Amino acid sequence: MRDMLPEIEIAPDEHGGLIDPAALFGGEKREIWMEIGFGAGEHLAWQAEHNPDIGFIGCEPYINGVASLLRHAADRNLTNIRVLPDDVRPFLDQLPRACLDRLFVLFPDPWPKRRHADRRIVQFDTVDKFSHALRPGGELRLATDDPGYQRWMLARATGRADLRWLARHPEDWRVRPEDWPQTRYEAKAFEEGRSPAFLRFERTDPK
Ligand SMILES: C[S@@+](CC[C@H](N)C(=O)[O-])C[C@H]1O[C@@H](n2cnc3c(N)ncnc32)[C@H](O)[C@@H]1O
(Lines give C-alpha, C1' and ligand atoms only; values in the text may rest on other atoms or scores of the structure.)
Protein backbone atom coordinates (compact mmCIF):
# COMPACT_ATOMS: atom_id res chain seq x y z
CA MET A 1 0.00 0.00 0.00
CA ARG A 2 2.87 2.37 0.81
CA ASP A 3 4.09 2.10 -2.81
CA MET A 4 0.75 2.22 -4.57
CA LEU A 5 -1.30 4.80 -2.65
CA PRO A 6 0.86 7.87 -3.45
CA GLU A 7 0.52 7.08 -7.16
CA ILE A 8 -3.27 7.14 -7.14
CA GLU A 9 -4.11 9.31 -4.15
CA ILE A 10 -6.12 12.47 -4.78
CA ALA A 11 -4.66 15.47 -3.01
CA PRO A 12 -7.44 17.95 -2.21
CA ASP A 13 -6.63 21.50 -3.27
CA GLU A 14 -5.29 23.22 -0.12
CA HIS A 15 -6.98 26.47 -1.06
CA GLY A 16 -10.35 24.84 -1.68
CA GLY A 17 -10.07 25.30 -5.46
CA LEU A 18 -12.01 23.11 -7.88
CA ILE A 19 -10.61 19.72 -8.89
CA ASP A 20 -11.41 18.40 -12.35
CA PRO A 21 -11.88 14.62 -11.97
CA ALA A 22 -11.30 14.01 -15.69
CA ALA A 23 -7.84 15.59 -15.38
CA LEU A 24 -6.90 12.93 -12.80
CA PHE A 25 -6.95 10.50 -15.74
CA GLY A 26 -5.24 12.78 -18.24
CA GLY A 27 -8.62 13.46 -19.88
CA GLU A 28 -8.45 10.01 -21.45
CA LYS A 29 -11.53 8.39 -19.93
CA ARG A 30 -14.96 8.28 -21.57
CA GLU A 31 -16.78 8.92 -18.29
CA ILE A 32 -16.01 9.47 -14.61
CA TRP A 33 -17.78 7.45 -11.90
CA MET A 34 -17.35 7.98 -8.18
CA GLU A 35 -18.09 5.81 -5.15
CA ILE A 36 -18.49 7.30 -1.66
CA GLY A 37 -17.72 4.98 1.27
CA PHE A 38 -16.46 2.03 -0.78
CA GLY A 39 -15.75 -0.08 2.32
CA ALA A 40 -13.59 -3.03 1.30
CA GLY A 41 -13.74 -1.88 -2.34
CA GLU A 42 -15.27 -4.95 -3.94
CA HIS A 43 -17.95 -2.99 -5.83
CA LEU A 44 -15.49 -0.32 -7.00
CA ALA A 45 -12.92 -2.89 -8.15
CA TRP A 46 -15.60 -4.88 -10.01
CA GLN A 47 -16.86 -1.77 -11.78
CA ALA A 48 -13.30 -0.68 -12.65
CA GLU A 49 -12.46 -4.10 -14.05
CA HIS A 50 -15.64 -4.29 -16.14
CA ASN A 51 -15.41 -0.68 -17.40
CA PRO A 52 -11.78 -0.03 -18.34
CA ASP A 53 -12.72 3.04 -20.39
CA ILE A 54 -14.21 4.74 -17.31
CA GLY A 55 -12.17 6.62 -14.68
CA PHE A 56 -13.13 5.77 -11.09
CA ILE A 57 -12.83 7.88 -7.97
CA GLY A 58 -13.20 6.12 -4.63
CA CYS A 59 -13.63 7.98 -1.35
CA GLU A 60 -13.13 6.12 1.91
CA PRO A 61 -11.56 7.32 5.19
CA TYR A 62 -11.28 3.79 6.66
CA ILE A 63 -7.64 2.87 6.03
CA ASN A 64 -8.20 -0.91 6.10
CA GLY A 65 -10.81 -0.40 3.38
CA VAL A 66 -8.34 1.59 1.27
CA ALA A 67 -5.75 -1.19 1.74
CA SER A 68 -8.33 -3.77 0.65
CA LEU A 69 -9.21 -1.76 -2.49
CA LEU A 70 -5.53 -1.44 -3.37
CA ARG A 71 -5.13 -5.21 -3.07
CA HIS A 72 -8.07 -5.73 -5.44
CA ALA A 73 -6.58 -3.18 -7.84
CA ALA A 74 -3.12 -4.79 -7.75
CA ASP A 75 -4.49 -8.33 -8.16
CA ARG A 76 -6.44 -7.26 -11.27
CA ASN A 77 -3.91 -4.76 -12.66
CA LEU A 78 -6.44 -1.94 -12.51
CA THR A 79 -5.07 1.46 -13.53
CA ASN A 80 -8.36 3.39 -13.76
CA ILE A 81 -8.90 4.13 -10.05
CA ARG A 82 -7.98 7.22 -8.03
CA VAL A 83 -8.52 7.33 -4.27
CA LEU A 84 -9.44 9.99 -1.76
CA PRO A 85 -8.58 8.28 1.55
CA ASP A 86 -10.64 10.73 3.55
CA ASP A 87 -14.05 12.14 4.43
CA VAL A 88 -15.75 12.98 1.14
CA ARG A 89 -17.64 16.03 2.41
CA PRO A 90 -15.00 18.77 1.87
CA PHE A 91 -14.17 17.16 -1.50
CA LEU A 92 -17.80 17.49 -2.65
CA ASP A 93 -17.37 21.27 -2.49
CA GLN A 94 -14.37 21.01 -4.80
CA LEU A 95 -16.18 19.21 -7.61
CA PRO A 96 -17.16 21.32 -10.63
CA ARG A 97 -20.71 21.23 -11.99
CA ALA A 98 -21.51 18.21 -14.17
CA CYS A 99 -18.11 16.56 -13.75
CA LEU A 100 -19.40 13.06 -12.87
CA ASP A 101 -21.39 10.57 -14.90
CA ARG A 102 -22.29 8.20 -12.08
CA LEU A 103 -22.21 8.37 -8.31
CA PHE A 104 -22.59 5.43 -5.91
CA VAL A 105 -23.38 5.66 -2.20
CA LEU A 106 -23.94 2.03 -1.18
CA PHE A 107 -24.99 1.02 2.30
CA PRO A 108 -23.80 4.18 4.03
CA ASP A 109 -23.65 4.04 7.83
CA PRO A 110 -27.33 4.15 8.86
CA TRP A 111 -26.96 6.04 12.16
CA PRO A 112 -30.34 4.68 13.28
CA LYS A 113 -30.64 6.74 16.47
CA ARG A 114 -32.61 9.92 15.87
CA ARG A 115 -30.03 12.08 17.64
CA HIS A 116 -27.32 10.83 15.24
CA ALA A 117 -29.30 11.43 12.05
CA ASP A 118 -27.23 14.50 11.15
CA ARG A 119 -24.22 12.18 10.72
CA ARG A 120 -25.84 10.44 7.76
CA ILE A 121 -24.07 11.16 4.50
CA VAL A 122 -27.38 11.54 2.64
CA GLN A 123 -28.80 14.94 3.64
CA PHE A 124 -30.67 17.60 1.69
CA ASP A 125 -27.45 19.56 1.22
CA THR A 126 -25.32 16.57 0.19
CA VAL A 127 -27.98 15.52 -2.34
CA ASP A 128 -27.75 19.08 -3.71
CA LYS A 129 -24.00 18.54 -4.06
CA PHE A 130 -24.42 15.10 -5.67
CA SER A 131 -26.81 16.63 -8.18
CA HIS A 132 -24.47 19.56 -8.83
CA ALA A 133 -21.58 17.20 -9.61
CA LEU A 134 -23.61 14.88 -11.86
CA ARG A 135 -24.08 15.75 -15.51
CA PRO A 136 -27.64 15.71 -16.88
CA GLY A 137 -28.30 12.11 -17.93
CA GLY A 138 -25.93 10.85 -15.24
CA GLU A 139 -27.00 8.46 -12.50
CA LEU A 140 -27.07 8.43 -8.71
CA ARG A 141 -27.21 5.01 -7.05
CA LEU A 142 -28.11 4.69 -3.39
CA ALA A 143 -28.59 1.51 -1.36
CA THR A 144 -29.50 0.73 2.20
CA ASP A 145 -30.80 -2.17 4.27
CA ASP A 146 -32.20 0.12 6.95
CA PRO A 147 -35.93 0.85 6.43
CA GLY A 148 -35.65 4.19 8.25
CA TYR A 149 -32.72 5.29 6.11
CA GLN A 150 -34.58 4.12 2.99
CA ARG A 151 -37.48 6.47 3.79
CA TRP A 152 -34.95 9.21 4.66
CA MET A 153 -33.13 8.76 1.32
CA LEU A 154 -36.37 8.85 -0.65
CA ALA A 155 -37.52 11.96 1.21
CA ARG A 156 -34.31 13.70 0.20
CA ALA A 157 -33.87 12.46 -3.35
CA THR A 158 -37.43 12.38 -4.70
CA GLY A 159 -39.69 15.34 -5.41
CA ARG A 160 -36.79 17.26 -6.93
CA ALA A 161 -36.83 18.71 -10.43
CA ASP A 162 -33.19 17.65 -11.00
CA LEU A 163 -33.46 13.95 -10.03
CA ARG A 164 -35.86 11.33 -11.38
CA TRP A 165 -36.34 8.07 -9.49
CA LEU A 166 -36.04 5.33 -12.10
CA ALA A 167 -38.26 2.75 -10.33
CA ARG A 168 -41.55 1.83 -12.01
CA HIS A 169 -42.24 -1.48 -10.23
CA PRO A 170 -41.26 -2.86 -6.79
CA GLU A 171 -38.72 -5.20 -8.45
CA ASP A 172 -36.87 -2.11 -9.68
CA TRP A 173 -35.77 -1.30 -6.15
CA ARG A 174 -36.00 -4.76 -4.55
CA VAL A 175 -33.75 -6.52 -7.07
CA ARG A 176 -30.14 -5.48 -7.58
CA PRO A 177 -29.39 -4.72 -11.27
CA GLU A 178 -26.94 -7.05 -13.04
CA ASP A 179 -24.31 -4.33 -13.42
CA TRP A 180 -24.24 -3.84 -9.65
CA PRO A 181 -22.19 -6.47 -7.79
CA GLN A 182 -22.95 -7.37 -4.21
CA THR A 183 -21.04 -5.55 -1.46
CA ARG A 184 -19.99 -6.94 1.90
CA TYR A 185 -22.73 -5.00 3.70
CA GLU A 186 -25.40 -6.21 1.34
CA ALA A 187 -24.35 -9.82 1.94
CA LYS A 188 -24.46 -9.21 5.69
CA ALA A 189 -27.94 -7.69 5.41
CA PHE A 190 -29.31 -10.76 3.60
CA GLU A 191 -27.65 -13.12 6.10
CA GLU A 192 -29.32 -11.23 8.91
CA GLY A 193 -32.73 -11.29 7.18
CA ARG A 194 -32.93 -7.67 6.03
CA SER A 195 -34.04 -6.73 2.50
CA PRO A 196 -31.98 -3.96 0.92
CA ALA A 197 -33.36 -1.27 -1.37
CA PHE A 198 -31.46 -0.42 -4.57
CA LEU A 199 -32.36 3.11 -5.61
CA ARG A 200 -31.44 4.59 -8.98
CA PHE A 201 -31.99 8.23 -9.95
CA GLU A 202 -31.37 9.96 -13.24
CA ARG A 203 -29.94 13.46 -13.13
CA THR A 204 -32.36 15.46 -15.22
CA ASP A 205 -31.86 18.81 -16.88
CA PRO A 206 -34.63 21.08 -15.57
CA LYS A 207 -34.80 24.24 -17.64
C1 LIG B 1 -21.61 0.60 6.24
S2 LIG B 1 -20.13 0.83 5.36
C3 LIG B 1 -20.54 0.25 3.72
C4 LIG B 1 -19.33 -0.06 2.90
C5 LIG B 1 -19.59 -0.51 1.47
N6 LIG B 1 -20.22 0.53 0.67
C7 LIG B 1 -20.42 -1.77 1.43
O8 LIG B 1 -21.56 -1.71 0.95
O9 LIG B 1 -19.91 -2.82 1.85
C10 LIG B 1 -20.09 2.58 5.14
C11 LIG B 1 -18.75 3.11 4.69
O12 LIG B 1 -18.83 4.51 4.47
C13 LIG B 1 -17.61 5.08 4.91
N14 LIG B 1 -17.89 6.49 5.23
C15 LIG B 1 -18.54 6.98 6.31
N16 LIG B 1 -18.56 8.31 6.28
C17 LIG B 1 -17.90 8.69 5.15
C18 LIG B 1 -17.59 9.97 4.58
N19 LIG B 1 -17.95 11.11 5.18
N20 LIG B 1 -16.87 10.00 3.43
C21 LIG B 1 -16.52 8.84 2.82
N22 LIG B 1 -16.81 7.60 3.31
C23 LIG B 1 -17.48 7.53 4.47
C24 LIG B 1 -17.24 4.25 6.14
O25 LIG B 1 -15.85 4.35 6.45
C26 LIG B 1 -17.64 2.86 5.70
O27 LIG B 1 -16.59 2.17 5.06
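## A walk from the sheet to the ligand

Let's start in the sheet, where β4 (100–106) and β5 (134–144) run parallel, joined by 6 bridges. Strands here pair if DSSP finds at least two bridges between them, and both helices (H or I, at least four residues) and strands (E, at least two) are DSSP runs, numbered from the N terminus. Before going further, note that this is a predicted model, where local features need pLDDT of at least 70 and side-chain atom pairs count only at pLDDT 80 or more, while totals for chains, interfaces and linings use all residues. Residues are numbered from 1 along each chain as its sequence is written, and side-chain values use heavy atoms, with hydrogens and water left out.

Back to the strands. Leu100 has Leu134 in β5 as its bridge partner. β4 also pairs with β1 (31–36) in the parallel sense, over 4 bridges, and there Glu35 stands opposite Phe104 of β4. How much of β4 is covered? Of its 7 residues, 7 are buried, where buried means under 20% relative accessible area, exposed over 50%, and partly exposed in between (1.4 Å probe, protein chains only).

Moving along, β5 meets β7 (197–203) in the antiparallel sense, with 6 bridges joining them; Leu140 is partnered with Phe201 of β7 there. β6 (163–165) runs antiparallel to β7 too, with 3 bridges, and Leu163 has Arg203 as its bridge partner. β7 is mostly covered, with 5 of its 7 residues buried.

Now for the packing. A nonpolar core here is a set of buried Ala, Val, Leu, Ile, Met, Phe, Trp, Tyr and Cys residues joined through side-chain atoms within 4.5 Å. The largest such core has 35 residues, and Met34, Ile36, Phe91 and Leu100 touch the most other members. Elements giving two or more residues to this core include β1, β4, β5 and β7 from the tour above, plus β2 (54–59), α4 (88–92), α5 and α6. Which element supplies the largest share? That would be α6, with 5 residues.

At the N-terminal end, Asp146 caps α6, with a side-chain oxygen 2.9 Å from the backbone nitrogen of Gly148. Gly148 itself is partly exposed, at 24% relative accessible area. After α6 comes Gly159, whose phi is positive, near 70°.

Most residues other than glycine have a negative phi. Phe107, in that loop, has a positive phi of about 50° although it is not a glycine. Trp111, also in the loop between β4 and α5, has a positive phi of about 40°. Are these two buried or exposed? Phe107 is buried, at 9% relative accessible area, whereas Trp111 counts as partly exposed, at 31%.

A backbone N or O atom of Leu106 lies 2.7 Å from a ligand nitrogen, and a polar backbone atom of Val88 sits 3.0 Å from a ligand nitrogen. On the oxygen side, a ligand oxygen is 3.2 Å from a polar backbone atom of Tyr185. Taken alone, the ligand exposes 590 Å² (Shrake-Rupley method, 1.4 Å probe), and the protein buries 87% of that.

One last stop is Glu42, in helix α2 (42–50). A polar atom of the Glu42 side chain lies 3.0 Å from the backbone nitrogen of Arg184.

Definitions and conventions. Polar contact = N/O pair within 3.5 Å; in protein donor to acceptor, adjacent residues only side chain to side chain.
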